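Hello,

Here is the structure for you to look through. My notes on it follow below.

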Amino acid sequence: MRLLFFAMSSAGYGETLIGMSLARQLQAAGIESFFVIEPMSEKLLRGSGFPYVVLDNSMGGFATLIVDETVRDFRPDAIVLSDYFTYCGVFPKRYGLDPWFIDRYGLPIMPIDIWEWANTEFAVDVFHGKSMSVNRRIMEMPTHLRPVPVCHLDSGPQVYPFRLWEGNERVSRRTRHHLRETFGMAPEDRMVLLAVAGWQQGRYADENGDRIADQVPELLVHYLRQLPPSARFVLVGSVPPVLAGLADRAHVIPACSPSRFNVLLGSVDLVLTLNLGATTLARAVLSDIPGLVLTNRFDVPDKPDIDRVEAELSGLSEDVRSWLSRTLPMYPFRMWPLGFHSFLDPVAAGNPYLSTFAHAELLDEPAVLSALHGVLYDRGVQEGLAGNRASYLETLTDHPGTPEVFTSAASRLGLV
C-alpha cells in the first residue's frame, strides 16, 4: 500500500512529526509513504528516508500541478492529512485554493484527527473574544486517525487511536553526562527544556495575540529566576529575547536537527511548556521524562476583573498583579498565545494523559513555583508522576499496535 501524506504546517513541526511517526510505524507492514510539505519541514524530511516534494506559497494555485504530478508518479492508494486542521487552513490562506481539490484524484482520505473533532463545535477560541470556524468535512470521512497522546484511547466506528510515537527518547548515561559537561553543568544540576515553536512568536494581525506572545515570557522569567541556582535552562527554537534575562543559567539553541533535538530531549529533567497539545510533551511522557504545563483559564478584560482572579486563586502575588495590570486584556489559553482553551475541553475531559505531568495556572505564582520545585527536587512528587506515567504507558502497551490499528482503518475503506 502507498500513502500520500499532506504535512503542510508552515509554522511548527508537530503535525509533520506525527505524520512521519505514523509512516515510520507502518514501514514494518510494507506500507510506503510520500510527503507533500512546506519549506520549513524540509529539515525534518531530509535524511528521513521518506521521499517528499516541497510546495511554496509563491506557487499559488499552480501548486496543484506539482500535486498532480506526484499522484501520477507515486500512484498512492490513499491520502493522509497530517493533520486535518492544518490542511484545511493552509491551502486557502497560503495558496488561494479550495483544500478539497484532492477529491479529483478519487482516493480515500484519512485525516489525522489531533483534536477529536467529532466532540467539538468546529469553532476554535482564539485570542481575546474571537472564534475561528473550521470546515466540518471530516465528519464525512469514515476513518479518523487519532494520535495518543494527546487523544483518548477510546475507539469507535470512525475512531482509530494510534500511538503518537514509537520508541524511547532516553539517552545513555554517557551521552547525558557529555551533554551536561558541554553546557558546563554539574552532575547535581537540573536541566529544564523549553521549546518555543515559530507560531508561538509570530505576528498575528491581532494586537491582543501579539501582546500576550510578547508579555508572557516576562512572567515566565520571573518564575524561573526563583528556582535554585542548580536549575539550568535549555531554550530551543524561536526563543523570545526576554528569556535572555536568564543569563548564564540558560543555553539558547535555534531550531535544530531532529537528531540533536532528540538528544536534548532525552537528557533533560523536565520539559516545560505552555502548550497542552505539544508534541514534545507527548514524546517526553512516552519516554518517561517529567513534564509541566502552564495554562491560563482566566478571562481578564479590565483592571476590575483582577480582583475576581485574586479571589478565585485565594490571592495574587504583587508581581503577578503588576504584570497583569500591564498586560490586559488577558484571555484563556491552553496553547499560548493562540488560546484554544474551551476548544480543548473535550480532549482534556477524563483524559488519563493529563495525570502524567504536572500542571499549574500561569497567574498562580505559588502554584507555579511549587510545581517547578516539586518536579525538579521533591522525591514524592517525582515518584507520584512517575507512577502515573507508568500506568498510562502500560495501558498504551496493551492497546493494539499502530500497524494493526491502521489495517482496521484501511479495511473500512476497502484498501485491504
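Which side chains meet in a salt bridge? Those of Asp 206 and Lys 130, at 2.6 Å, N to O. A salt bridge here is a side-chain nitrogen of Lys or Arg within 4 Å of a carboxyl oxygen of Asp or Glu. Between domain 1 and domain 2 the count is one salt bridge.

First, the basis. This is a predicted model, where local features need pLDDT of at least 70, side-chain atom pairs count only at pLDDT 80 or more, and totals for chains, interfaces and linings use all residues. Residues are numbered from 1 along each chain as its sequence is written, and side-chain values use heavy atoms, with hydrogens and water left out.

Now the domains. An automatic or database assignment sets the bounds: domain 1 is 2-167 + 399-413 and domain 2 is 173-398. Their C-alpha centres are 27 Å apart.

Next, the interface. In domain 1, 33 residues are in contact (heavy atoms within 4.5 Å) with 43 residues of domain 2. The two domains bury about 3,100 Å² between them, with 67% of it on carbon and sulfur atoms. Buried area is the accessible area (1.4 Å probe) that two parts lose on being put together, summed over both. On the domain 1 side, Trp 115, Phe 127 and His 128 lose the most area to domain 2. Together they make up 24% of what that side buries.

Best wishes
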